[in-house]
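Subject: Structure handover

Hello,

Here is the structure for you to look at. My notes on what turned up follow below.

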Amino acid sequence: MFDLTLIGIGTGNPDHLTLQAIKAINAAEVILIPRKGEGKADLAELRRAILAQTLTNPQTRVVEFDLPTRNEAIPDYLARVEDWHDRIAAVWSAAIGPAASVAMLVWGDPSLYDSTLRIAARLLPPERIRVIPGITSLQALTAAHAIALNDIGAPFVVTTGRRLRDEGFPPGVNTAVVMLDGECSFQSLDPKGISIWWGAYVGMKEQIILSGDLAETAPKIVRVRAEARAAHGWIMDIYLLRRALA
């Protein structure tokens with residue numbers, strides 16, 4: 001049995017780390033770094049760069065492992081994800097070995113659209129898991145555009161690109177933040193009366209942001225996003241949609 005600390009590291013900018021996060025990094029016996037293949041080698045390299053700036057404990061070992069890919073032959077989406085998480089948990093267990101104190105660097109914050117906590121629950125009871133909060137891409141997006149997340153006293157929804165495509169603009173709100181969207185799903189909406197604030201690599205030196213009326217801005221986002229992904233081999237983006245109040 002071991003103790004696991006999940007450390008939110010923001011969006012890849014070392015300046016996003018809190019003092020609490022840096023202390024947790026240096027308190028760990030082992031730090032795990034996942035490798036996602038050559039196409040996403042930058043993601044592991046960013047974690048290495050963060051550790052190069054923050055890890056000062058010579059007793060801490062850094063262990064890298066290859067992350068399994070999803071089995072696309074499983075037709076049901078949720079079943080496919082559950083199978084993937086089971087296999088990731090098995091790889092974690094093998095990589096950790098006999099260590100008593102383990103840490104993982106998690107993009108953004110472990111609580112928001114991230115599966116690390118669900119995978120950890122396959123290996124450990126809750127009392128063995130500690131979470132260090134981090135800056136989310138949602139916060140980095142609104143900061144980059146210098147906008148408020150919500151209108152005065154108004155609710156908002158955080159959703160996925162798949163749900164936006166399938167269900168349209170979420171009912172009952174005028175603000176929706178969309179994550180995990182590899183298909184520019186805002187194109188499926190009637191753009192009338194909707195504004196968009198989009199960002200890729202938010203908070204990083206590679207940051208790109210665009211905003212404006214959805215009808216006018218959508219084609220530019222699609223083009224810029226494709227160019228950025230081709231240049232870097234990967235992309236992390238997020239956007240906020242706001243429709244005019246009736």
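A residue counts as buried when its relative accessible area is under 20%, taken with a 1.4 Å probe and protein chains only. W234 has 5% relative accessibility, so W234 is buried. Keep in mind that this is a predicted model.

Aromatic pairs

There are 2 aromatic pairs in the structure. In one, the ring centres of F186 and Y239 are 5.1 Å apart and the planes stand at 85°, so the pair is edge-to-face. F186 sits in the loop between β7 (175-179) and β8 (194-200), and Y239 in strand β10 (residues 237-243), so the pair ties together parts that are 53 residues apart in sequence. F186 is buried, at 2% relative accessible area. Y239 is buried too, at 1%.

W234 belongs to another pair, with Y201. Here the ring centres are 5.2 Å apart and the planes are at 90°, so this pair is edge-to-face as well. Y201 comes from the loop between β8 and β9 (208-213), W234 from the loop between α7 (214-232) and β10. The pair links distant parts of the chain, 33 residues apart. Y201 is buried, with a relative accessible area of 2%.

Charges over rings

Which ring does the charged end of R162 sit over? The ring of Y77, at 4.6 Å from its centre. The charged end of R242 sits over the ring of W197, 5.6 Å from its centre.

S185

Is S185 buried or exposed? Buried, with a relative accessible area of 2%. The S185 side chain makes a polar contact of 2.7 Å with the side chain of R165. Neighbours within four places in sequence aside, S185 touches G161, L164, R165 and Y239. Y239 is also the ring partner of F186.

Helix α2

Helix α2 (residues 41-54) has 14 residues. Its span from first C-alpha to last is 20 Å, close to the 20 Å expected at 1.5 Å a residue. Its buried residues are L43, A44, L46, R47, I50, L51 and T54. They cover an arc of only 155° around the axis, so they lie on the same side of α2. The face turned away from that buried side carries the exposed residues A52 and Q53. What covers the buried residues? The cover includes α1 (19-27), β2 (30-35), β3 (61-66) and β4 (101-106).

Best wishes

Key. Residues are numbered from 1 along each chain as its sequence is written. This is a predicted model: local features need pLDDT of at least 70, side-chain atom pairs count only at pLDDT 80 or more; totals for chains, interfaces and linings use all residues. Side-chain values use heavy atoms; hydrogens and water are left out. Rings of Phe, Tyr and Trp (its six-membered ring) pair if their centres lie within 6.5 Å; planes under 30 degrees apart count as stacked, over 60 as edge-to-face and the rest as tilted. Helices (H or I, at least four residues) and strands (E, at least two) are DSSP runs, numbered from the N terminus. Buried means under 20% relative accessible area, exposed over 50%, partly exposed in between (1.4 Å probe, protein chains only). A charge sits over a ring if NZ of Lys or CZ of Arg is within 6 Å of the ring centre and within 35 degrees of the ring normal. A polar contact is a pair of N or O atoms within 3.5 Å; within protein, one must be able to donate a hydrogen and the other to accept it, and residues adjacent in sequence count only if both atoms are side-chain atoms. Contact means heavy atoms within 4.5 Å. The expected span of a helix is 1.5 Å times one less than its number of residues. The arc is that of the directions from the helix axis to the C-beta atoms.
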